[in-house]
Number of protein chains: 2
Amino acid sequence: MAAGRGVTSARVAAELRSRIERGELLPEDRLPSERELSESLHTTRVTSREALKQLEAEGLIYRSNRRGWFVTSQRINYNPSRAAFFMDYVADQGLVPFSRQLLKKRIVADDRLASMLEVSVKAPLVELQRLRGANGRPAYIETIYLPEGRLPGIYECDLERSVSAVMLGDYDQQYAVVELDITVGALSAGQAALLDAPPGYTCLCVRRVVRNAAGEVVEYDLEHWRHDSLNIQVRLDNS
Amino acid sequence: MAAGRGVTSARVAAELRSRIERGELLPEDRLPSERELSESLHTTRVTSREALKQLEAEGLIYRSNRRGWFVTSQRINYNPSRAAFFMDYVADQGLVPFSRQLLKKRIVADDRLASMLEVSVKAPLVELQRLRGANGRPAYIETIYLPEGRLPGIYECDLERSVSAVMLGDYDQQYAVVELDITVGALSAGQAALLDAPPGYTCLCVRRVVRNAAGEVVEYDLEHWRHDSLNIQVRLDNS
DNA sequence: TTAAATATCTGGTATATACCAGAAAAAGAT
DNA sequence: ATCTTTTTCTGGTATATACCAGATATTTAA
């Protein structure tokens with residue numbers, strides 16, 4: 001270890017943390033390169049990286065491809081009960097949202113999807129995939145499955161913007177019940193590439209099953225969020 | 001890199017993952033030591049550790065202090081709306097729950113707590129802290145704040161087992177509204193030690209604000225969960 | 001038989017170094 | 001000015017090695 005007592009990587013992390021908290025480094029600022037850091041703090045790149053990964057886990061910084069390390073900014077507050085639409089509630093938080101459709105196709109339910117959507121195997125489904133984020137930074141990948149049997153003609157609708165809007169407007173389907181399932185996981189290589197994250201990056205997996213007033217499943221979502229971009233807020237009313 | 005193409009650490013991770021998925025390594029089994037692994041898979045400890053950390057992030061394995069790496073077992077399903085009590089719902093999942101009180105004392109609200117609990121600064125509070133887990137493995141640390149003004153005599157109650165039970169029974173306080181706030185974070189050194197995790201270990205932070213029928217805050221919780229031990233399940237009823 | 005001392009095994013941290021691949025900047029050609 | 005090529009800078013991965021500290025197993029002493 002170099003100058004200073006205790007664990008070197010913790011010392012480096014503390015130094016950077018204090019620069020961020022003091023406002024010396026502002027959101028979206030680039031940190032010194034790993035080589036510069038290592039030299040100025042009298043340690044090696046391996047140890048500096050240990051410290052950077054620590055701050056990354058804390059959600060204070062992120063890395064972009066091979067461009068460098070940056071200070072994170074404000075997280076997206078997300079309410080999965082979804083009274084509001086993504087583009088709206090993100091804008092309301094003072095951020096600039098974007099949404100890009102990656103995929104839209106008809107498929108048939110396999111065993112897993114059939115059981116999640118409570119349809120028979122081989123039932124027709126619409127699969128949607130989109131990448132969403134704010135302020136130019138990707139935040140999550142969403143895969144949506146819609147049962148075509150319960151939403152006839154849904155494939156022809158414009159689902160680019162908001163599925164919820166179409167559901168409410170054209171199908172008059174109220175979101176009566178939303179079942180949430182939230183777990184911490186890791187991004188696959190493909191997901192990571194889309195989210196500008198290293199493979200295996202820690203993510204929050206949110207599974208949503210939406211039922212209409214009749215108790216039928218009308219939507220099944222799989223969301224993979226960058227852990228540093230999300231804050232989930234839910235309000236449960238037991239009245 | 002050694003034998004095989006591509007990224008070595010990914011190759012090691014894939015090998016171990018397959019052993020786990022094939023059932024060659026069962027839950028709670030110890031993995032070969034890092035030195036053994038490195039030798040048998042023709043790489044170095046640094047690279048093996050990279051792979052192990054990857055599987056740790058995926059929630060497939062965990063490390064216990066300096067005893068080794070182990071295969072994780074079944075996660076705890078947690079419903080923060082909390083109709084059920086920890087000791088009950090964990091037992092219902094076929095696990096053996098435990099709960100250890102770490103702290104119980106009277107404090108006065110500082111600025112942050114006052115605003116969270118909607119009481120005046122210096123209002124009397126009861127602070128509780130407990131460590132909970134299942135099958136001998138710690139899963140989370142919970143810090144509870146109770147406003148003594150709204151729950152007179154609460155300090156004298158037996159809160160070891162369940163705060164909810166006391167609330168419902170002795171105070172007739174229904175949980176009318178629960179506000180949840182869920183974020184991914186990192187454990188402090190102290191928390192990590194209690195949860196048998198390395199410092200900075202990825203955790204799920206769950207903040208709960210509980211209101212009674214009158215809309216008053218009667219409980220504020222701060223939970224820090226090991227990311228590998230938790231699966232949150234919430235049901236939202238928009239009726 | 002029990003308790004204390006010791007050796008060994010485990011992961012945790014650190015140094016020094018090397019090469020690769022993608023991104024960005026600089027230099028050159030049109 | 002604009003496009004193309006080259007160089008440089010960045011993080012990503014990997015090797016080899018060393019020593020530390022806690023947990024465990026073994027040995028030794030009472």
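1. On terms: strands (E, at least two residues) and helices (H or I, at least four) are DSSP runs numbered from the N terminus, and two strands pair if DSSP finds at least two bridges between them. The angles run from 0 to 180 degrees between N-to-C directions, with axes as lines fitted to C-alpha atoms, for helices over the stretch in contact.

2. A word on the basis of all this: the model is predicted, so to speak of a local feature takes a pLDDT of at least 70 and side-chain atom pairs count only at pLDDT 80 or more, while totals for chains, interfaces and linings use all residues. Residues are numbered from 1 along each chain as its sequence is written, chains are lettered from A and ligands numbered from 1 in the order in which they are written, and side-chain values use heavy atoms, with hydrogens and water left out.

3. Within that sheet, have a look at strand 6 (residues 137-147) and strand 9 (residues 217-226) of chain B, which pair in the antiparallel sense over six bridges. B:Ile144 stands opposite B:Asp221 of strand 9.

4. Another open sheet of eight strands has the order 4(A)-5(A)-6(A)-9(A)-8(A)-7(A)-10(B)-3(B), again with mixed pairing. Here strand 4 (97-108) of chain A and strand 3 (76-78) of chain B are the edge strands, pairing on one side only. Neighbouring strands are turned by 15° against each other on average, direction ignored.

5. Where do the chains join within this sheet? Strand 7 (residues 177-186) of chain A runs antiparallel to strand 10 (residues 230-237) of chain B, and six bridges join them. A:Asp181 stands opposite B:Gln233 of strand 10.

6. Now for the interface as a whole. Contact (heavy atoms within 4.5 Å) links 35 residues of chain B with 35 residues of chain A. The two chains bury about 2,800 Å² between them, with 49% of it on carbon and sulfur atoms; buried area is the accessible area (1.4 Å probe) that two parts lose on being put together, summed over both. B:Ile182, B:Val184 and B:Leu236 supply 22% of the area that chain B buries against chain A, more than any other three residues.

7. Strand 1 (residues 61-64) and strand 2 of chain A run antiparallel, joined by four bridges, and A:Tyr62 has A:Phe70 as its bridge partner. Three residues lie between the strands, and A:Asn65 in the turn has a positive phi of about 40°. A polar backbone atom of A:Asn65 is also 3.4 Å from a sugar or linking oxygen of DNA strand D.

8. On to DNA strand D, which 24 residues surround, the closest being A:Arg66, B:Thr8, B:Thr43, B:Asn65 and B:Arg67. A residue is near a strand if one of its heavy atoms lies within 4 Å of it. Helix 3 of chain B gives the most to the surface near DNA strand D, with three residues.

9. A side-chain N or O atom of B:Arg66 is 2.7 Å from a base nitrogen of DNA strand C, and a polar side-chain atom of A:Ser9 lies 3.1 Å from a phosphate oxygen of DNA strand C. Helix 3 of chain A gives the most to this surface, with three residues.

Conventions. A polar contact is a pair of N or O atoms within 3.5 Å; within protein, one must be able to donate a hydrogen and the other to accept it, and residues adjacent in sequence count only if both atoms are side-chain atoms.
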